[in-house]
Amino acid sequence: MPPWLPRAVLLVFATFIGFLLLRWAFGHLRGFLTDLLIALFLSLAIEPAVDRLARRGMRRGVATGIVFVVVLIAFAGIIAAIGSLLVDQVVELAHDLPDHIQSLLDWINKRFDAELTMEKIQGGLFKDSNTVQGYAETIADNALGLGAAIVGGLFELFTIGLFTFYFAAEGPRVRRALCSLLPPTRQAEVLRAWEIAIDKTGGYLYSRALMALVSAVAHYIFFLAIGLDYAIALAMWVGLISQFIPTVGTYLAAALPAIVALTESPVDALWVIVFATAYQQFENYLLHPRITSMTVDIHPAVAFGSVIAGAALLGPTGALIAIPATATATAFSSTYVRRYAVTEHPLAPAHQERPKRRRLGRKRPDGSGPGRGGEDG
């Protein structure tokens, strides 16, 4: 037996056991690691604001707390506005539900020559006490599951908020602790990558927030002009969804106000769709290039592909951080990727040529071509 064989077998066995342990640990800690990733992304987003307050002589912990309070107030206002819309719609639906059911029964009776009534339906549903008991048990189980989900969600939000506060308030110490484990040649690269991540993440969030504000104001004015109910809540909904869901966000956001408008007038719903489409073109060709040219400048196709890949890997979290992560990786790698001049070729022109316009005019007297007013050109 070669002397290296036992050591090689032991190394392979230890590697396999270590892989299984890492897989087991990652499976149990995936939720916690995802929370840490979200907290890191949020800390990178708010760190520019914290740095500005810290440069004015404020302690980083106090500056981080102020930024947190401002963000929480804005978020609570948005949730309150959208939640009021949802509650009002649910109450209105519950109030009108008997009329809707009676209209449906009248249509069924007329269409299929049936004799359904509310009394017959209620009698069939509650004739057997076991049926009522089954409904009650199902509702109780769902209520318990919903309560557990709410408690778990609140604990997860608390965890994300705690680590976000820590990463933002102790950012310089965290970076110094990380760089102390690396040689000096690597420290500069890590700090440069961290700086790019802060710039790109903060720029992405701030540019999206600015475009969401502009979109909300524009849609609010339009909703007021057509007399749509819940104009403020619907405008805030459109602004948020249209900006933080790339590419198709505007059309998804316009679905809710279109449905609300449809309950009042089909013409208003059509106008909502037309305005949303027109605003999308204005945003794509005028607003978006001007705002994001100085922050996150990546191709729309790359952005859309990165969102799909991020969602496939990490779900909604990956979709949220995909664009700033791609912009950071692109900006960081541009320093190390060497580019060469491209040889002129019809398949890769340096500039896109515009089609030449044919000048219309009267032909020359000899019929050889167009001229100006009959004179030789």
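Is Leu213 buried or exposed? Select this residue to begin the tour, bearing in mind that the model is a predicted one. Leu213 lies in helix α6, and with a relative accessible area of 52% it is exposed, since the cut-off for that word is over 50%.

Now move to helix α5, residues 171-179, and select Gly171, Val174, Arg175 and Cys179, which are its buried residues. Looking down the axis of α5, you will find that these buried residues fall within an arc of 125 degrees, so they line one face of the helix. As background to this view, an α-helix has 3.6 residues a turn, so residues three or four places apart point the same way. Turn to the face of α5 that points away from the buried side, and select Arg173 and Arg176, the exposed residues carried there.

For the last stop, go to helix α4, residues 129-169, and select Thr159, which is found in this helix. Thr159 has a relative accessibility of 12% and therefore counts as buried, the cut-off for burial being under 20%. Show the side chain of Thr159 together with the backbone of Phe155, and you will see that a polar atom of the Thr159 side chain lies 2.9 Å from the backbone oxygen of Phe155.

How values were computed:
Residues are numbered from 1 along each chain as its sequence is written. This is a predicted model: local features need pLDDT of at least 70, side-chain atom pairs count only at pLDDT 80 or more; totals for chains, interfaces and linings use all residues. Side-chain values use heavy atoms; hydrogens and water are left out. Buried means under 20% relative accessible area, exposed over 50%, partly exposed in between (1.4 Å probe, protein chains only). Helices (H or I, at least four residues) and strands (E, at least two) are DSSP runs, numbered from the N terminus. The arc is that of the directions from the helix axis to the C-beta atoms. A polar contact is a pair of N or O atoms within 3.5 Å; within protein, one must be able to donate a hydrogen and the other to accept it, and residues adjacent in sequence count only if both atoms are side-chain atoms.
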